[in-house]
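Subject: Structure handover

Hello,

Here is the structure for your files. My notes on its packing follow below.

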Amino acid sequence: MEHDFTAGQAMGLEEAAAGQAMGLEEAIRTRRTHKAFGPEPVPRETLLQLFELASWAPNHHLTNPWRFRVLGPRAKELLAEEAEREKQGAARKLQRAPTLVVVSVVLDGDEGQRRDDLLATAVAAYIVLLGAHAIGLASYWRSLSLLDTPAVRTLLGILDDEQPIGLLHLGNPIQAQRVPPRAPAEEIAVFLD
């Protein structure tokens, strides 16, 4: 079944009404990490569109190694309880966003494929963040060691051949975020002869 993430779906409601889509460069430069969200969860259909968009991440062997687990209220509560047990201070932060998505990668094959799949899944997670931003949602990517504990792996159904890579917080923004400084390209690029 083919899905199209159309220009209309890639716009927030206000932009769609005005007929203006957010360009890629603008999306990259204006996406921010949000730590405060409105209470409404992201609709299932929107999440499925974001995950479909993420499936276009470059993946050398076309293994589709990314997995997205959307946590419902009970799963969020159980995860918060486990965070309290682990004394990781993450329980309160788990309540910030109405929608939490655990991103993991299926690691299979030789070391080269495993590395490629890990990096491809990180790109897929970023595509979710960019796509969410393009439609007016706020987001936050956390690398959380709690996700790799045996109890949480069991709770979330993370299989032995999977590695969790992060927790995406998604929801409606309730405040603007500052623009952080970035290093100039001349400081981070090397041109070799």
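**Nonpolar cores**

The largest nonpolar core has 24 residues, and those touching the most other members are Phe 68, Val 101, Val 103, Val 128 and Leu 170. A nonpolar core here is a set of buried Ala, Val, Leu, Ile, Met, Phe, Trp, Tyr and Cys residues joined through side-chain atoms within 4.5 Å, and buried means under 20% relative accessible area (1.4 Å probe, protein chains only). Two or more residues each come from α3, β1 (66–71), β2 (99–106), α5 and β4 (162–171); α5 gives the largest share, 7 residues. Helices (H or I, at least four residues) and strands (E, at least two) are DSSP runs, numbered from the N terminus.

This is a predicted model: local features need pLDDT of at least 70, side-chain atom pairs count only at pLDDT 80 or more, and totals for chains, interfaces and linings use all residues. Residues are numbered from 1 along each chain as its sequence is written, and side-chain values use heavy atoms, with hydrogens and water left out.

Leaving aside residues up to four places away in sequence, Phe 68 touches Phe 51, Ala 54, Val 101, Val 102, Val 103, Ala 124 and Val 128 (contact: heavy atoms within 4.5 Å). A second, separate core of 20 residues includes Leu 71, Ala 138, Ile 158 and Leu 167.

**Helix pair**

The axes of α3 (residues 44–54) and α5 (residues 111–134) come within 8 Å and cross at roughly 135°. Axes are lines fitted to C-alpha atoms, for helices over the stretch in contact, with angles from 0 to 180 degrees between N-to-C directions. On the α3 side the contact is made by Leu 50, Phe 51, Leu 53 and Ala 54, and on the α5 side by Ala 124, Ile 127, Val 128, Gly 131 and Ala 132.

Regards

Note on methods:
Buried < 20%, exposed > 50% of the residue type's maximum accessible area, 1.4 Å probe, protein only.
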